[in-house]
Structure formats: structure tokens, C-alpha cells
Amino acid sequence: MRWTRKDPFWGGKDRGSQMLRTLQEVPLRQPPAPPTEGGGIRVEDQAQVRLAQLPPFSPVVISLLRLFDRDDVDLAEITRLISSDAAISAELLTLVNSPLFATRVSVDDVALAVPLVGIERTKELATALAMRAMLRDAPKTGVVRRLWRHSIATAVIAKELAPIYGVAAGVAHTAGILHDVGRMGLLSAYRESYAEVVLHAYDNVTDILAKELAVCGMNHCEAGLYLAKSWGFPDAFCQVVQHHHGATEERGILSLLQTACALADDLEFAAVSHADRAEPKTRIAGCKGDSDRHKVLSRLPEIERLVCAEVESLDF
């Protein structure tokens with residue numbers, strides 16, 4: 001089933017309130033006590049010790065990410081995984097019974113809900129829930145909203161530009177939501193001290209990374225890579241969380257997310273304020289080769305509209 005922009009989870013009039021429910025209301029299982037070393041990754045310093053003590057990322061979501069990375073996706077296996085997590089199952093059934101689907105009878109079986117909702121939307125919903133769990137103990141301030149605004153903006157841009165970069169739209173969206181997992185981790189691990197880092201203004205991204213290193217012992221790209229490897233993210237997502245502030249000429253998911261992240265900042269949806277921004281058209285001209293530049297530029301007005309609609313609808 002094709003996902004339309006009227007979806008109340010990410011689009012349509014009520015998308016913001018639905019996201020808020022996802023982030024704040026769905027009960028989650030209590031995680032097991034975290035190990036001192038995540039996923040066999042060696043804990044070498046105090047910063048990693050703090051990150052290693054965070055609740056583990058949902059193993060169901062990790063399994064879904066790996067499963068969806070394959071060409072032969074098994075619907076029965078997806079159903080089994082979703083059914084094993086009460087929070088994801090509850091949110092999925094809530095969505096499929098919403099007015100969006102207008103089902104004639106109530107759907108109370110995950111095996112029926114997954115085909116109705118669609119594989120990609122199921123993955124996106126599960127990923128959002130997992131990210132929400134990371135922020136359970138984070139300071140309840142505008143900092144969380146800033147991080148989510150940037151992640152959502154990046155995800156929308158990445159999804160819209162995905163075909164130009166040869167990336168599946170659903171993979172691009174999920175990568176956009178996950179690319180700043182390191183910032184989420186630092187906020188959860190360092191709370192008020194990292195919140196102060198986020199609330200300051202900087203000259204450029206390099207200064208932000210340096211400040212993070214000074215306060216937390218690592219920047220958010222390093223933190224993201226540690227968490228991604230610890231939790232067993234697929235390699236492509238590990239590359240995204242580590243290098244999304246870099247630059248590469250190769251088409252693919254990393255190049256796509258580098259462009260999407262920078263464009264989100266240019267459109268004034270930066271997670272951390274900095275002065276080193278460009279006009280979106282200038283950014284595209286600098287990031288894309290001649291063959292694709294016109295395609296991206298022609299999509300830019302619509303992309304700006306979609307990003308603003310998605311982000312401004314959030315009511316938290």
C-alpha cells in the first residue's frame with residue numbers, strides 16, 4: 001500500500017499530535033540492565049562508559065533494519081518481530097484503526113495490520129518509537145524539540161531526494177531519523193551539560209564538534225558510531241551516523257544524508273545553531289554533480305514546503 005501525505009503519523013493535519021503521542025504516551029517495556037560494554041565494543045574512556053550505560057536500542061528495531069536491508073523481505077518474519085514488542089504492536093494497531101484507513105471492522109491482529117499499513121511505514125514507526133525510548137531520561141526542555149525538528153527535516157529531505165541518489169525512499173527516511181543518534185545519546189548521558197552545548201550558537205559545525213569533545217569527551221558523530229556499532233546497526237547506517245557532516249562525491253545513502261542534513265540546517269532546522277549556512281540553491285550547486293543538479297533544484301520548492309509542513313505541525 002502506498003503511503004500518502006495524508007498519513008496522520010508523518011503527514012496530514014494531525015501528524016504532529018500523532019508524533020507527540022508516539023514520543024510521549026506509548027508505554028514501553030523496561031529494558032534489561034545495560035552491560036558495561038555494548039555489543040562487544042570495548043569501553044575505553046569515561047564518555048563511552050556513560051554511553052554504555054544507556055538503555056539498549058530496541059532489538060526488534062535492529063532486527064527490522066537488518067531484515068529490511070535484504071531483497072527478500074519475509075512478511076511473516078516482520079509480523080513475528082512486531083508481535084514480540086508490545087509498544088510497537090499497540091501503536092501499529094492504533095494507526096491501522098485510525099480514520100486514515102477507514103476499515104469496516106476493527107483490526108486487532110498484527111498479521112492483518114502490517115500489510116494494511118505497509119512495510120516501510122511499519123519500519124518508520126518502529127524506529128521512531130526506539131528513538132523516543134532513548135530520550136526517556138533526557139531533560140524535558142526545548143532541546144528535545146530542536147533535535148527532533150532537525151531529524152524530521154533531514155528525514156523528509158532525504159526521502160524526497162532519495163531517487164536522485166539511487167536510494168530507496170524508506171531507507172533514506174529511516175537514515176534521516178537515525179543520523180543524529182549520537183546527539184540523542186549525549187543528551188541522555190550528559191543531560192544538562194549537553195543541553196547547554198545545544199543551546200549555544202556557534203560559527204560553524206567544526207566549532208560544535210569541538211565543544212562537544214570538550215564537554216563530553218567525544219563529539220556526536222563519534223558517539224553515534226559507538227552506539228550504532230554497539231547496537232548492531234547495519235553498516236550503511238553506521239557510516240551515516242559517523243560521516244553525515246562530511247562530503248563525498250559518490251552517489252548513495254551517505255552522500256544523500258550529508259546533503260539532507262546540510263539542507264535542513266540551511267532551512268533553519270538546525271539541531272544546534274551555527275552561522276555557516278548557505279542558500280539552499282547554493283548548497284545544492286555545491287553538493288551535486290551536473291547530471292543531477294537540475295533535478296534537485298526543480299524539487300527544492302516542493303521539498304521546502306513539505307519540510308515546513310512536517311516540522312511546524314509538531315506541538316511539543
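**Reading the model**

Modeller: A search of the whole structure turns up 3 aromatic pairs. This is a predicted model, where local features need pLDDT of at least 70, side-chain atom pairs count only at pLDDT 80 or more, and totals for chains, interfaces and linings use all residues. Residues are numbered from 1 along each chain as its sequence is written, and side-chain values use heavy atoms, with hydrogens and water left out.

Biologist: How is the pair of phenylalanine 57 and phenylalanine 233 arranged?

Modeller: Rings of Phe, Tyr and Trp (its six-membered ring) pair if their centres lie within 6.5 Å; planes under 30 degrees apart are stacked, over 60 edge-to-face, and the rest tilted. Here the centres are 5.2 Å apart and the planes stand at 65°, so phenylalanine 57 and phenylalanine 233 are edge-to-face. Phenylalanine 57 sits in the loop between H2 (46-52) and H3 (59-68), and phenylalanine 233 in the loop between H12 (220-231) and H13 (235-243), so the pair ties together parts 176 residues apart in sequence.

Biologist: At what angle do H8 and H14 cross?

Modeller: Axes are lines fitted to C-alpha atoms, for helices over the stretch in contact, with angles from 0 to 180 degrees between N-to-C directions. Helices themselves are DSSP runs (H or I, at least four residues), numbered from the N terminus. The axes of H8 (residues 142-165) and H14 (residues 253-266) come within 8 Å and cross at roughly 135°. That makes H8 oblique to H14; under 35 degrees counts as roughly parallel, over 145 as roughly antiparallel, 65 to 115 as roughly perpendicular, and the rest as oblique.

Biologist: Which residues of H9 and H14 meet?

Modeller: Contact means heavy atoms within 4.5 Å. Val171, Ala172, Ala175 and Gly176 in H9 meet Ile253, Leu256 and Leu257 in H14. H9 (residues 169-178) packs with H14 at about 55°, their axes 10 Å apart.

Biologist: Where is confidence lowest?

Modeller: pLDDT is the predictor's confidence in each residue, from 0 to 100. Its mean is lowest in H1 (residues 15-24), at 38, and highest in H11 (residues 205-216), at 96. Over residues 1-41, pLDDT stays under 50. Where pLDDT is low, the predicted coordinates should not be read in detail.

How values were computed:
Helices (H or I, at least four residues) and strands (E, at least two) are DSSP runs, numbered from the N terminus.
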